[in-house]
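Hi,

Here is the structure I promised to pass on. Have a look at it first, and then read my notes below.

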Amino acid sequence: MEDLTSIKEDLLRDLESAKDLQALAEIKAKYLGKKGLISSLFKRIREIPPEERKSFGQKVNSLKEEAEKLIRERERSIKEQQLQEKLKSEWEDLSLPYDRSLGHLHPITQTLRRIIEIFRSMGFQVEEGPEIELEDYNFDKLNVPKDHPARDMQDTFYVNREGYLLRTHTSPVQIRTLLKGELPVYMVAPGKVYRRDDDPTHSPMFHQVEGLAVDREISFRHMKFVIESFLKEFFEKDLPVRLRSSYFPFTEPSAEVDIGCVICGGKGCRVCKDTGWLEVMGCGMVHPKVLENCGIDSELYQGFAFGMGVERLAMLLYRIDNIKLFYENNLRFLEQF
Ligand code: DAH
């Protein structure tokens, strides 16, 4: 009986000093293993007087159960302690500030979408054409024959394949749309265009939006109304608009559209070159030859067309004086939009 008590005391002391699962496994073997201290007590039952055997057996049994329980508990507490140490050593401070700024659409894309949305609300559909275009569509079918001085108005990039070029304007999308032969047409065509031009307000690549309406009984007044409505919505202002007589080979009559200077309000400044007016697009009634070139009877159908530079409109809307800022990918600039 004394042995039982001292075995339990030894076990408690051993468990207390066990620091890890390895040490615990050794303790388990020492007491409960085949040749362990408690297991060998069972073998000594024969040395006990018969009348005490039963109570001795019960005591050894309960010592064994208690030992198992103590070891299990110690195992749990060692594991818990190890977990806490691990959590402490692997802790990361997720509350540290980090850069969570989001990107957004480029100001030119924003301006393009703004333009397109206004025309869509007026019933125009979006058409697109390729940037490498047929010379025939970019010039000839638009009533700009070879050797015509108007070809020099737009210094062209040619590609090394006969009959192709980088489109100098989005007007060839007019031809592509008309050649489909579905009338009436109410379309706008956004996209990149290319010209040999390079200064603070010109870039060799820039964006245009073309517009075309072809239907029966289309008049100059329809054109004026559509363009004025567009400009007032685009600049969110009831600004003065005027049409100034001009020349384009693909329209007759042709006009240039001016708005009252949005920088100085018409008083005269550097941007409007002291005229109080800003030129924002070209337009006109589609030349009958253009319609005929696309197989449309110009006696039955008329149309108006217009074309505008997206960078120019964006520069006026956001008051930017150098077109190059749009292409430099300077985040300090772009983040302002
Ligand atoms: N294509 C002309 C340019 O790039 C702009 C233009 C003028 C387009 C008059 C038109 C138009 O559709 O009718 O300079």
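**What I found**

Let's start with two strands: β6 (residues 241–248) and β7 run antiparallel and are joined by seven bridges. Before you go further, keep in mind that this is a predicted model.

The link between β6 and β7 is a hairpin of two residues.

Is β7 mostly covered or mostly open? Mostly covered. Strand β7 spans residues 251–260, and eight of its ten residues are buried.

Next, the helices. Helix α1 covers residues 2–17 and helix α4 covers residues 50–89. They pack at an angle of about 5°, and their axes are 11 Å apart. Angles under 35 degrees count as roughly parallel, so that is what we call α1 and α4.

Which residues meet there? From α1 it's Leu-4, Ile-7, Lys-8, Leu-11, Leu-12, Leu-15 and Glu-16, and they meet a set in α4 that includes Phe-56, Lys-59, Val-60, Leu-63 and Arg-74. Sorted by class, the contact between α1 and α4 has eleven nonpolar residues, five charged ones and no polar ones.

Cheers

Note on methods:
Residues are numbered from 1 along each chain as its sequence is written. This is a predicted model: local features need pLDDT of at least 70, side-chain atom pairs count only at pLDDT 80 or more; totals for chains, interfaces and linings use all residues. Side-chain values use heavy atoms; hydrogens and water are left out. Axes are lines fitted to C-alpha atoms, for helices over the stretch in contact, and angles run from 0 to 180 degrees between N-to-C directions. Helices (H or I, at least four residues) and strands (E, at least two) are DSSP runs, numbered from the N terminus. Angles under 35 degrees count as roughly parallel, over 145 as roughly antiparallel, 65 to 115 as roughly perpendicular and the rest as oblique. Contact means heavy atoms within 4.5 Å. Ala, Val, Leu, Ile, Met, Phe, Trp, Tyr, Cys and Pro count as nonpolar, Asp, Glu, Lys and Arg as charged, and the others, Gly among them, as polar. Buried means under 20% relative accessible area, exposed over 50%, partly exposed in between (1.4 Å probe, protein chains only). Two strands pair if DSSP finds at least two bridges between them.
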